[in-house]
Amino acid sequence: MDNKYNDFAIEKVDKEQLYSIMEQKQKDGYRLSQILATAFEGYNEVIYSVTKGYDMENYKIELPIDEEIKSFSDIFPSAMLYENEIKELWGVKVTGISIDYHDKFYRIDKETPFKKQIKVIKKEGDE
């Protein structure tokens, strides 16, 4: 029996590579599935997922807290929803969002409530 699902691996890429990857995926007929952010000590980990049929590809960047990333809403219009979310909840600095809610996307009392950074502790033998 054929397995039509891939293993959904996450490929780590540079911020500079990501925009051209997303442009190519859109040209190849992929759609944006999700953008996920997590705050770590000194950086945000942001994962971009695109799908086509049963294929899903995931691309991860480690974005230093003070660095900006360009919006992908000009490639995938729905990205503006995810980008407003990660900007408002995690404090990811996204620039050029097609529709920017200016931190009013959610009705929340606390600024960037999920920005609390997780300290990464490496175990012996970890790279």
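Which residue forms a salt bridge with Asp-100? Lys-87 does, with the closest N and O atoms 2.8 Å apart. Here are a few notes to go with the model above.

1. **Ground rules.** This is a predicted model, in which local features need pLDDT of at least 70, side-chain atom pairs count only at pLDDT 80 or more, and totals for chains, interfaces and linings use all residues. Side-chain values use heavy atoms, with hydrogens and water left out, and residues are numbered from 1 along each chain as its sequence is written.

2. **Overall layout.** The chain has two helices and six strands, taken as DSSP runs numbered from the N terminus (helices: H or I, at least four residues; strands: E, at least two). Along the sequence they follow the pattern β-α-β-β-β-β-α-β. Of the 127 residues, 37% count as buried (buried is under 20% relative accessible area, exposed over 50%, partly exposed in between; 1.4 Å probe, protein chains only).

3. **Helix H2.** This helix covers residues 79–90 and reaches 16 Å from its first C-alpha to its last, close to the 16 Å expected at 1.5 Å a residue (the expected span is 1.5 Å times one less than the number of residues). Nine of its twelve residues are buried, so H2 is largely enclosed by the rest of the structure. Among them are Met-80, Ile-86, Leu-89 and Trp-90. The buried residues of H2 pack against strands E2 (31–40), E3 (43–52) and E6 (93–95), where contact means heavy atoms within 4.5 Å. Gly-91 follows H2, with a positive phi near 80°.

4. **The opening pair again.** The structure holds six salt bridges, each a side-chain nitrogen of Lys or Arg within 4 Å of a carboxyl oxygen of Asp or Glu. In the one between Lys-87 and Asp-100, Lys-87 lies in helix H2 and Asp-100 in the segment after E6, so the pair ties together parts 13 residues apart in sequence. Lys-87 counts as buried at 17% relative accessibility, while Asp-100 is partly exposed at 23%.

5. **Helix H1 to strand E4.** Glu-57 and Lys-25 meet through their side chains in a salt bridge (2.8 Å, N to O). The pair links distant parts of the chain, with Glu-57 in strand E4 (residues 55–64) and Lys-25 in helix H1 (residues 15–27), 32 residues apart. Lys-25 is buried, with a relative accessible area of 14%.

6. **Strand E3 to strand E4.** The side chains of Lys-60 and Glu-45 form a salt bridge too (3.7 Å, N to O). Lys-60 sits in strand E4 and Glu-45 in strand E3, 15 residues apart. Both residues of this pair, Lys-60 and Glu-45, are buried.
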